[in-house]
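Here is a friendly tour of one model, with an eye on its pockets and on one pair of helices. Have a look at the structure first, then read on.

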Amino acid sequence: MASERDPLALAREALAGRPAWLVGGAVRDRLLGRMTFDLDVVVDGAVEPAAKALGRAGAAAAAFPLSDAFGVWRVVARDHAWQVDLLPVNGAGIEEDLAARDFTVNAIAEPLAGGKAIDPFGGREDLAAGRLRMVSAQAFSADPLRVLRAARLACELQLEPDADTRAAARSQAAALRGVAPERVFGELKRIVVAPEALRGLAELDRVGATPIVLPELDALRGIEQSAYHHLDVYDHTLAVLEQGIAIERDPEPVFGDQAGTVAALLAEPLADELDRAGALRFGALLHDAAKPATRGVSAEGKVTFIGHDRVGADLAREVLGRLRASERLRAHVAALTLNHLRLGFLVHRQPIDRRAVYGYLTACAPVAADVTVLSVADRLATRGRKADEAIVKHVELARRIVADAVRFDRARPAPLVRGDDLAAELGIGPGPEVGRLLEELAEAQFAGEVTTRDEALSFARTLARCS
């Protein structure tokens, strides 16, 4: 009997005797030697009984219709380790079904019962050549989302679109405006989190899709900055993303003995199928998005972007809202944008004490650790006047405080005295004064100035007398 962990073996067992084919990305990935647990199976005949048979064979948690209009069913493993989408044949037969697909590397079918693969458009040859080629001239007009999918496959699989495919994608880029935002975000986030994300973004540029799906990024082109920058805002933004990806891959060169802390942080799941590293990539793309709107030149000729952090936080939320991202991701990236300058301000105040660190952490929470990493990527991508000295100081400070930031974001230290106890001990009623004293105590506790309940009460009495 097939293992419940092997969806392909389960599908072969459950659908034995029914004409059915493994199609699309699963075939492509198998040819590339990539593990995949997300399968598409085309069934010649009734899909519902096939899906229910597969659900029973795999003791699946669910077998349910995914699309009433297209007759698609999904079977999901009880532990969500795999899923299989079962689809009816689109057209008169499997060859006609493949002819309606997007790219030749996705238009290959393997009979579940065994036998020769069906590859009418040369997908295996294209895959071996590292080439991405549309199945037909109508591929992009049939579904303009394929413009983004081409860029995504280019960066996920290191495939190069051929000239005709790129030209057809360019001709349909404007039609992305009519595609559901959720579908756009689904492809865009896979581009942004891909190992070769910069290649994917460059492909969006080549086909003219950036102004359609991320006009705020496109608007950064040609926005010149101060002498402390060596790039315009657009190229600087891509450089920040590049530095962030480098830190994500190996934090040790930047964070030294705190590399493990940073790696664990970035690997934590966050929202919208993204971990904190993925959210940080969106933060890198959007952290300076308000610079065009806030650019100014002082009387002395200095370029300024006053308030771009605050305005940018609202803009980041707006962009992700337009893409139908979750509220958690919107809030997280907005907070990264709002606070991305704070560590740089702290660098200029060195040497700093624990109270200053506490002020930074409370201002940035709950993204103090994430924004510390983002600020380092930002600093590494800023190589204008006096860059080397500034980078060293910035990185040193980030190393000093990142572990504190991780702990602080997760849970503030338990207070030495509660508000009701404090009010009773000092003989004051509840109100703003209690809140002020508690915050002062929390800062003193973080700084190591008070370590016990008695010390905290004594400290609070002194504060109350001086107020």
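How much space lies in the largest pocket? In this predicted model, the answer is about 1900 Å³.

## The largest pocket

The lining of this pocket is made up of 44 residues, and D40, D85, R149, R152 and E187 are the closest to its centre. By type, the lining residues comprise 20 charged, 16 nonpolar and eight polar.

Several elements take part in the lining. At least two residues each come from the helices α2 (25-31), α7 (146-157) and α9 (181-193), and from the strands β2 (38-43), β3 (62-67), β4 (72-76) and β5 (83-88). Helix α9 gives the most, with six residues.

## The second largest pocket

Next comes a pocket with a volume of about 1000 Å³. Its lining has 30 residues, and Y228, H229, L341, H348 and R379 lie nearest the centre. Here the division is 13 polar, nine charged and eight nonpolar.

Which element gives the most to the lining of the second largest pocket? That is α23, with four residues. Elements supplying at least two residues each are β12 (303-304), α20 (342-347), α22 (368-380) and α23.

## Where α21 meets α23

Helix α23 (residues 387-410) also pairs with helix α21 (residues 354-364): their axes come within 10 Å and cross at roughly 50 degrees. The two helices are therefore oblique to each other, and their crossing is right-handed.

On the α21 side, R354, V357, Y358, Y360, L361 and T362 make the contact, meeting I401, D404, A405 and F408 of α23. These contact residues divide into seven nonpolar, two charged and one polar.

Note on methods
Residues are numbered from 1 along each chain as its sequence is written. This is a predicted model: local features need pLDDT of at least 70, side-chain atom pairs count only at pLDDT 80 or more; totals for chains, interfaces and linings use all residues. Side-chain values use heavy atoms; hydrogens and water are left out. Axes are lines fitted to C-alpha atoms, for helices over the stretch in contact, and angles run from 0 to 180 degrees between N-to-C directions. Angles under 35 degrees count as roughly parallel, over 145 as roughly antiparallel, 65 to 115 as roughly perpendicular and the rest as oblique. A crossing is left-handed if the near helix is turned anticlockwise from the far one by less than a right angle, and right-handed if clockwise. Contact means heavy atoms within 4.5 Å. Ala, Val, Leu, Ile, Met, Phe, Trp, Tyr, Cys and Pro count as nonpolar, Asp, Glu, Lys and Arg as charged, and the others, Gly among them, as polar. On a 1 Å grid over the protein atoms alone, a cavity is a set of points where a 1.4 Å probe fits but cannot get out, and a pocket is an open set with protein on both sides within 12 Å along at least five of seven lines; lining residues have an atom within 4 Å of a point. Grid points are joined across faces, edges and corners, and a volume is the space filled by probe spheres set on the points.
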